[in-house]
Amino acid sequence: MASLASHIDPDELIQKFHDHPAHHRGFHSSTAVNHNTPYSSRYASISQLSKFKMPHDGAPADAVHQMLKDELDLDGRPNLNLASFVGTYMEEQAEKLMIENLSKNMSDADEYPAMMQMHSRCVSILSHLWGVQKGEKAIGSATTGSSEAIHLGGLAMKRRWQEKRRAEGKSTEKPNIIMGANAQVALEKFARYFEVEARILPVSEKSLYRLDPDLVRENIDENTIGVFVILGSTYTGHYEPVEEISKILDEYEAKTGVDIPIHVDGASGAFIAPFTHAQAGGPKWNFELPRVKSINVSGHKFGLVYAGVGWIIWRDESYLPKHLIFELHYLGGTEESYTLNFSRPGAQIIAQYYNLIHLGFTGYRTIMENALSNARLLSRALEATGWYECVSDIHRKKGDHKFVEGQKPYEDGENSAAYNAGLPVVAFTLSKKFKEQFPHVKQVSISNLLRAKQYIIPNYPLPPNEEKTEILRVVVRESMSLDLLDRLITDICAVTETVMQSDEIDLAAWQPFANTIEKTHGSRGVSSRDKHKAKRPMHHDEDDFSEDDEYSQESDYDSYGEDDEDDDDVNDYDEYYDDYGYDYDEGETPDDSDIGMPDIESLSIDDPGFDPAAADPRLCNRCQASERPVPIDMVWCMEFIQTELDNDAQRAEDAMEVTVRRLPMVWAWRDFMSYCGVEGVLTPAVRQQTGLGDERAAAQTLALVEREALPAIEAWMARREGRVWEARALRQAWVAEGAGRLGPEVVECLWLLSGIVLAWRLGREIDMFAESL
C-alpha cells in the first residue's frame with residue numbers, strides 16, 4: 001500500500017522556522033542591519049522581496065538588482081536553449097546601438113525621423129531580397145514579431161476577398177483559409193481572432209510532414225481567402241512547396257475564375273533561403289511568383305536581432321486595402337499606421353539595419369551556410385550511432401528524403417545546393433532497433449537528462465495525423481560553434497548510454513517535471529508534448545460557439561491520431577443510430593427519461609447479447625474494442641450510471657477502480673459531447689438538471705464545458721497519468737477540477753458527462769483485461 005503524503009507549502013515553512021529575535025517578542029534587540037553591500041541589507045536574511053503585491057515602501061536599488069539577478073541565475077543559458085529559433089547573440093557594436101536607442105518609440109515618427117528612415121530602408125532591402133518585380137511599389141512595416149505580421153497579412157487577404165465579393169454581389173460569410181497541421185500557432189490564432197474558418201490539412205510522411213499540395217487542391221473553394229505556405233516548418237524544418245501550390249491555384253483560377261492569393265510565412269526561412277546555395281529547393285518561392293502577395297519574417301530569428309522585431313511586406317501597395325491604414329496626427333506630424341501595436345521599441349529596427357549593412361549578402365550567406373553545415377554534421381553523427389534516425393533531411397542528397405538503415409551518409413556536397421533545402425533544424429527520434437532493444441526507454445527521458453546538463457532540447461509529437469512519432473529537435477543557430485556542437489554530440493551519446501544502462505524504475509525519475517505553483521496558477525495549459533491535443537481544436541471555428549447557433553455539429557477528431565477507418569462507422573451519426581433502431585429527431589427526447597437520456601427498454605437494439613439487467617461492465621463486454629467510443633456506447637453507459645454509479649455509491653466506491661489515462665479519456669469526453677450534443681440528447685438533460693430555460697442556453701453550457709472545463713480536467717489528468725482511482729472519487733475530482741468558478745449549471749453538466757465517460761472507461765478496461773486473457 002502506498003504511503004500517505006501531503007502538500008508542503010514552502011512559504012509556510014520559511015515563515016514558521018525563520019529566526020525570531022527577541023525584539024519580535026517585545027524585547028529590545030541589538031541586532032543591527034547595515035547597507036554596505038546588498039547582502040548586508042535586511043533582504044539577505046530578514047525580509048523577502050515582495051512577490052505578488054506591490055510593497056508599501058520600496059527597496060534599495062542595489063539590493064533589488066542583486067536579488068533579482070540571483071533569482072534569474074535559475075534560468076537556463078540562452079545559448080544552450082536549442083529549442084528556440086530566436087537569436088541569443090549580437091555583436092558588441094550592435095548591442096551598444098540598441099542600448100543607446102532603448103528609449104526611442106516607433107510610434108513617434110515625427111520625433112525620430114532618422115530611425116524611421118532606417119525602417120524604410122529595411123523594408124526596401126527586404127523587398128528586393130525577396131524578388132519584388134519592376135513596376136511594383138512594395139510596402140511594408142516592422143512588427144513585434146512574425147505573429148503580428150501573419151495576422152496583418154491574413155487580415156489584408158480577408159479584406160481584399162470581402163471587397164471583391166461585395167463588388168460581385170456575393171455573400172461575404174464563411175471565409176476560410178488553408179494551412180497545414182504543421183502550422184505554427186500564430187496562423188491558427190489569426191483564423192480564430194479574425195473569424196475565418198481554418199482548414200487545417202493533415203500532414204504525412206508522404207508529404208514530408210508539411211502542407212500537402214494534393215489536399216490543397218481538394219479543399220479550396222470560392223470562399224478561400226488565401227493559403228498560408230510555410231517556408232520552414234517549426235517541427236522538422238522542411239520548406240513547403242510554394243511554386244507547386246501556386247501552380248495548383250493557377251489551374252483553379254483558369255477553371256473557375258477564383259483568384260486565391262498566397263501568403264508566405266517565412267518566419268525563419270525568408271532570412272535563410274535567399275542567402276543559401278540551396279535556396280528554397282525549387283526555382284521560385286517569393287515575389288517572383290505573381291500569386292505570392294505578401295511575405296513575413298522574424299528579424300529576431302535568422303535576421304540575427306534580439307527578440308522584438310518582425311517584418312511584413314506586400315509586393316505592391318494595391319494589395320494592402322486603404323481602409324486598413326490609419327492616419328495619425330496627434331504626435332506632431334502625419335503618420336500612416338497598419339500594425340496591431342502602437343508603441344513599440346525602435347532599437348531592434350536600428351539593430352536590424354546594422355546587420356543588413358554590416359554583414360551584407362556574403363556575410364549572411366556565410367552564417368547560414370555554416371548553420372546548415374553544422375546541422376548536417378549533427379544529423380550524420382546521430383544516425384551513425386545506430387540509436388537515432390532523423391526525420392529532417394537537410395543532410396541527405398537532394399531528392400533523397402527517407403532514412404535507410406545502413407546507408408552510407410552523403411558527404412560529397414560542396415555546399416547546401418547538393419542537399420535538400422530546409423532550415424538548419426535537426427529533428428530526430430529513437431531508431432526502431434533501439435526501441436526494440438530497450439522498450440522501457442521513453443524518449444522524453446533523453447530530453448530531461450539533457451536538461452540536467454543545461455541543454456533545452458524539446459521532445460514532442462509530430463503534427464496531428466503523425467503524432468504517434470515523437471521527435472527531439474535541435475535548432476542550429478548562428479552561435480552553435482563547432483566546439484559546442486562537439487560537446488553536444490558527446491553529451492547526447494553519454495545520456496543515451498545512461499538510459500540504456502538504466503531500468504524502468506530508475507528512468508521513472510526522468511519523466512516530465514511537475515509544474516511550479518506559479519505556473520500552475522498562471523496557465524491552464526498542459527505539457528508541451530500534448531500542445532495540439534489539450535486545447536480546443538482549431539477546426540471548431542468561432543461560429544460553433546456563437547449565441548445564434550446550436551452546439552457545433554462538426555466532429556473532426558480524426559486529427560487526434562486515429563486511423564480513418566476506425567471512424568468511418570461513426571462519422572454519419574444518423575445512419576449509425578438507425579442501424580440500432582435508435583430514432584431521434586433533433587432536440588427530441590422521450591418524456592419518461594428522468595435525466596434526458598433514452599429509456600433503455602424502449603430501444604429496439606438488434607443485439608441479442610445485450611442484457612439491460614446485467615449492465616455492469618465487469619459482467620458484460622459492451623464497449624467497443626477501439627480506444628474511441630461510438631454513439632451506441634452512450635446508451636450502455638447511461639444504463640450503467642442509472643443502475644450502479646448513481647444508485648449504489650457504496651458498491652462503486654468499494655469495488656470499482658479505474659486507471660487515469662489522459663488521452664483516451666479526453667477523447668471520450670469530446671466524442672460523447674459531440675454525439676450527445678448533435679443528436680439533441682444531452683441538451684434536454686442539461687436543461688432539466690440545470691433549470692436553463694431553452695436549448696440554446698443548454699448548448700452554450702456544453703460549449704462552456706468544452707472551452708473552459710475540459711482543458712482544466714485534462715491538465716489535472718496529465719499530472720496523474722497511470723494512477724488508479726476509485727470510480728466515484730475520480731468522478732468527483734473531474735467535476736471539482738472542471739467546474740472551478742463556472743457556475744452550478746456547469747457542475748450539473750459535468751456530473752452527467754463524467755458518469756458517461758467513467759462508465760465507458762470502466763467497460764473499456766474490462767475489455768482490455770478480457771482480451772489479455
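1. Let's start with two helices: the axes of H4 (residues 113–129) and H9 (residues 347–384) come within 9 Å and cross at roughly 45°. Axes here are lines fitted to C-alpha atoms, for helices over the stretch in contact, with angles from 0 to 180 degrees between N-to-C directions. H4 and H9 are therefore oblique to each other; that word covers what is left after under 35 degrees (roughly parallel), over 145 (roughly antiparallel) and 65 to 115 (roughly perpendicular).

2. A word on the source: this is a predicted model, where local features need pLDDT of at least 70 and side-chain atom pairs count only at pLDDT 80 or more, while totals for chains, interfaces and linings use all residues. Residues are numbered from 1 along each chain as its sequence is written, and side-chain values use heavy atoms, leaving out hydrogens and water. Helices (H or I, at least four residues) and strands (E, at least two) are DSSP runs, numbered from the N terminus.

3. Now the sheet. Four strands form an open sheet in the order S10-S11-S13-S12, with antiparallel pairing; strands pair if DSSP finds at least two bridges between them. At the edges sit S10 (388–390) and S12 (459–461), each pairing on one side only. Neighbouring strands are turned by 40° against each other on average, direction ignored.

4. S10 and S11 (residues 425–430) share three bridges, and Cys-390 stands opposite Phe-428 in S11. H9 turns up again here: H9 packs on the sheet, touching S10, S11 and S13 (470–475). Touching means contact, that is, heavy atoms within 4.5 Å.
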